[in-house]
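Visitor: I have a model open and would like to go through it piece by piece. Can we start with the domains?

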Amino acid sequence: MKDLVLNRRRLIASAAAGAGLLASPAYLRRAHAQTGGVLNIWTYNGFVPDDFLRQFQSDTGIRVNIRLVDDQGKQFNLLAAEAPNPTVDILTVAGHRFLQFIDSDLLAPVDTDRLQNWGNINPVFSESDWATIRDNKWGVPILSGAEVLAYNTEFVTPEEAQTWDTLFAEKYSRRNAYILQDMMSVLMLKMGYDGNMIAYQDDEAEAARIVNEVRDFLIAHKPHVRNYYDGAAEIQQMFVNLDVEVAHAWNGPIAGLMNDGFPVAMAIPTEGTYGFVYTLNVANNAPNADNAYLFLDALLSSPEIGAALSRSSGFISTYKDAADHLSDLERQSTSFPEEQLARMQFFRAEANDLKYSLVDPAVEQIKAA
Amino acid sequence: MPDLPPQSPADPSGPPTFWGRLTAWSLYRALTGLVFASPRRQFWMLILFPVIWVLVAHLGPILQMMQVSFLSSYPPSAGKEVVLTTANYSRFFGDSIFLVPFWRTMVFSVVLTLTTLVLMYPVAYFLARHVRRDNQLLFLMLLLIPFWVGEIVRIYAVMIILGNNGALNLLLRWLGLIERPIPFMYTNFSLSVGIVYLTALYMLMPLYSALEKIPANYSEAAADLGAGPWTRFFRVTLPLSLEGVGAGCTLVFLIATGMYATPVLLGGPNTTLFSQTIAGFFHVAGDQWPTGAAFSTIMLVTALVVAGAFNRIIALLSGRVAK
Amino acid sequence: MTRHTRILMSCIYWAFALYLLLPLALMMLMGFKDARFIGFPITSWTLDWYIGVFADRQVMFTFGYSTLIAILSTAIALVVGTWIAVTLTGRAFFGRAVILGLTLLPAVIPGVISAIAFRIYARVLGIEPGMWAIIWSHAVHNVPFVVLVVMARLSTLPRSQAEAARDLGADPLVVFFRITMPYLTPAMIGAGVFCMLLSFDDFVRSYFLGGYDPTLPVLIFAKLRSGMSPEVNAISTVVLVLTAVLGIWAERSMRRIKKQANR
């Protein structure tokens, strides 16, 4: 056993050898990824299907580096910190957040002529009014989400889920949760106003009055709310832990719960709701813009890829005929009945400056109340 | 206690050691002769590097942040002119909505710091005085294990303990103590459980190292002089460990003021802390860095003042005891 | 103290250990749950999540990457921190308090703020985001902890030893490496373990300063977007076991070295 006794020199030597092993070229090579066939992408977990990625890399010889992100604001911060010479080629922005990126010169317009498969996108998403800003397209829509009313089917009936009032009902006091920022837009719609605030662009006083009305409503209901939240994983855990029985949520995380067999369902209430679209965008001054277009065109090439995206993210596919390639349960969790879908309209960014200059402080006031 | 090297550096009798050969090397002698010529030069050689490091690596980023806090917009965007302004600071003082989370954070951090101190003192004392010296590291390691797991994963583990359908509620129901689950989550309680979980270590380490340094025979001497256990503790042990108390409290207080993920995940509608307010300027909106930077500066200065005042008191206390 | 207080304190210690370790036990347990989300009840069990961790090359790669960053940043922090501590201890000079204050600054700045400040600053200095940027930010963040621990130990160093060595003709460098440093070793080991912990657990700095390779916390955060699944628990458990094995090995070797030295 004597041989096993380490002395100090040998300990240091073996630790150094371990560090050297770890410092194998794999890590260092990445630092020089800018040369040759490379493509750098920032996106969410599940937004680029593994099989597709493998196929694309072997077909084109381009090495794709994916940096997983978890939030729109952080992407903006990262990109802003890198501008004007970003390392990234493609990033993932929600349609109604474009304007902020465009205003800061962070995105390049998408040249749809370079995408042969642009026509594979459902025109509801590709030609929608929010998609065109300053006569340009700024992103390739891949997935769509909606603000929905989610509920535990063991406690809440589908009839109750037909109105947003259920979320604030006495019966579900302290068993509910919502995202404050998003809830304010939905409530504006519910109260009969324009939640995008485009209608009040010339009437700031009216806009302020509406925001205050919504704010006061939410403050009045503050004693009855279980939690305000931000992240997808948070609301999922609240449902699993039975901390909430009804909640406002995005459809993606709820679809994840449904696909796992958890007794939860979602609906778009009669008062209507807002939807949003995740798009892939080309960064301004992207170092590998040509590869980016190659990638985007390949991603759009077949409805199966759209279905795979939908499956791994839980959001609705923007591809034509993608639903044909999903199982029944998957289709159920990533789609809505026609009459409910008709109640949805998209978020729009035109009046965001006005809207968020009022909504952000209101959110702070609600939290501080 | 000190591990003295077996040979003194200038021991002439033994075989030539590494140090012996090094000090005999002419280049080394020339260099050290130059550098260590006078105490004054020695001092300058010693201090040069720390000063450069501290200025470049520690102060630099903060100055950068402060500079941003005085700008009208950042990151610079097309078509917007950037001017110097103090508007970002007046925004804080002009609106009571920011003061609520601010004061809540300060009060909450102080209360939590004291709670952690009261909880950790016996643990540190037990470790330092009652565990055999050989085993102390092992006992300490046991408490360090959770810190190898990421903050987020740990918080989720706390969530599945405290949830309505969590381990604690299931246990209480199984014991027949309750009929309906108790909503532990998203309250001050769950938040405190989480923050203590994350900060306990920062209290434990300084307390332990302070207590460990106190020679056991001090207490024995006091006992020989007829002091009871409580008198001994309050007159001997506690004063001698004040340094550790000060360091631990400072660390925990400052860390608690800056916590972000924990209040987001474990806190509720009535526990919004200032760090969440600040992060909002960087995350959700994404375009209000100057305001976020200004608020950060305000919080930083306040936290430092509180910590400084606290340490002053500790220093005065231990100074009085020393006399 | 009396026997009763001793028993009471040992109870407090074990209660605290339970409080710290119970969530971990649950975390490990949840890694065996056959579902996509963690929580009760567990209706069926599986080993797939754990098997998946070892099969997932990205996870193993990331573990190595995080370990490398932890080791290198700790090494830098130890050198810099010890240097600063030695400079500041036992000397009174103009500006000492200012340097001490600045030294401790990074420890007290909220994570998000320091991360963004670092990101902007890195660009000013021309440091590319990536491994070295992360190492740099971790090292800076860890220096204050090293300084605190090492200074505390230095203040108890008997001066007579260093003076005796100097009387024998040793220059300051030799005095440091042969007298001061051996005395500081326990403190430096403690500080080093602590630094590795902080580096290993850091999310914000790694996120803002990282390139296309995620560190472990960054990878876990990204995976969280599609839910807190047993997969994340399994990853954390495997990492925990690996690091625990490393830690125990290091501790054992230290003991042996000590025994050898004492012989």
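**Domains, helices and contacts**

Guide: This is a predicted model. The C-alpha centres of domain 1 and domain 2 of chain A lie 27 Å apart.

Visitor: Where are the bounds of those domains in chain A?

Guide: The domain assignment gives 33–144 + 276–336 for domain 1 and 145–273 + 345–368 for domain 2.

Visitor: And how many residues does each domain put into the contact?

Guide: Domain 1 of chain A supplies 19 residues and domain 2 of chain A supplies 14 residues. On the domain 1 side, helix 5, strand 7 (140–152), strand 12 and helix 13 (328–333) of chain A each supply at least two residues. Helix 13 of chain A gives the most to that side, with 3 residues.

Visitor: What is the make-up of the domain 1 side, nonpolar, polar and charged?

Guide: The side of domain 1 that touches domain 2 in chain A divides into 10 nonpolar, 8 polar and 1 charged.

Visitor: Strand 12, then. Thr273(A) is in there; is it buried or exposed?

Guide: Thr273(A) lies in strand 12 (residues 273–283) of chain A. Thr273(A) counts as buried because it has 26 C-beta neighbours inside 10 Å.

Visitor: Which residues does Thr273(A) touch?

Guide: Not counting residues up to four places away in sequence, Thr273(A) touches Ala146(A), Glu147(A), Val148(A), Val186(A), Ile268(A), Arg343(A) and Met344(A). As for Lys320(A), it is 47 residues from Thr273(A) along the chain, and their C-alpha atoms are separated by 23 Å.

Visitor: Moving on to helix 15 of chain A. What is its span?

Guide: Helix 15 of chain A covers residues 352–368, which is 17 residues, and reaches 23 Å from its first C-alpha to its last. That is close to the 24 Å expected at 1.5 Å a residue.

Visitor: Which of the residues in helix 15 of chain A are buried?

Guide: They are Asn352(A), Lys355(A), Leu358(A), Val359(A), Ala362(A), Val363(A), Glu364(A), Ile366(A) and Lys367(A).

Visitor: What covers the buried residues of helix 15?

Guide: From chain A, the cover includes helix 5 (98–103), helix 7 (180–190) and helix 8 (204–220). From chain B, it includes helix 5 (96–130) and helix 14 (274–282).

Visitor: Chain B, then. How many helices and strands?

Guide: Chain B comes to 15 helices and 0 strands. It has 323 residues, of which 41% count as buried. Among its contacts between residues at least 6 apart in sequence, 68% join residues at least 24 apart.

Visitor: How many residues are in the contact of chain C with chain B?

Guide: The contact takes 76 residues from chain C and 70 residues from chain B. On the chain C side, helix 1 (residues 3–30) gives the most, with 14 residues. That side of chain C divides into 56 nonpolar, 15 polar and 5 charged.

Visitor: Which residues have the most contacts inside the largest nonpolar core?

Guide: Leu149(A), Ala124(B), Leu204(B), Leu207(B) and Val146(C), in a core of 278 residues. This core lies between domain 1 and domain 2 of chain A, because both give residues to it.

Visitor: What is Leu207(B) in contact with?

Guide: Leaving aside neighbours within four places in sequence, Leu207(B) is in contact with Met120(B), Tyr121(B), Ala124(B), Ser241(B), Gly244(B), Val245(B) and Gly248(B).

Conventions:
Residues numbered from 1 in each chain as written. Chains lettered and ligands numbered in written order. Predicted model: local features only at pLDDT ≥ 70, side-chain atom pairs only at ≥ 80, totals over all residues. Helix = DSSP H or I, 4+ residues; strand = E, 2+ residues; numbered from the N terminus. Buried ≥ 20, exposed ≤ 12 C-beta atoms within 10 Å, placed from the backbone. Contact = placed C-beta atoms within 7 Å. Expected span 1.5 Å × (residues − 1). Nonpolar A, V, L, I, M, F, W, Y, C, P; charged D, E, K, R; others polar. Domains from an automatic or database assignment. Core = buried A, V, L, I, M, F, W, Y, C linked by C-beta atoms within 7 Å.
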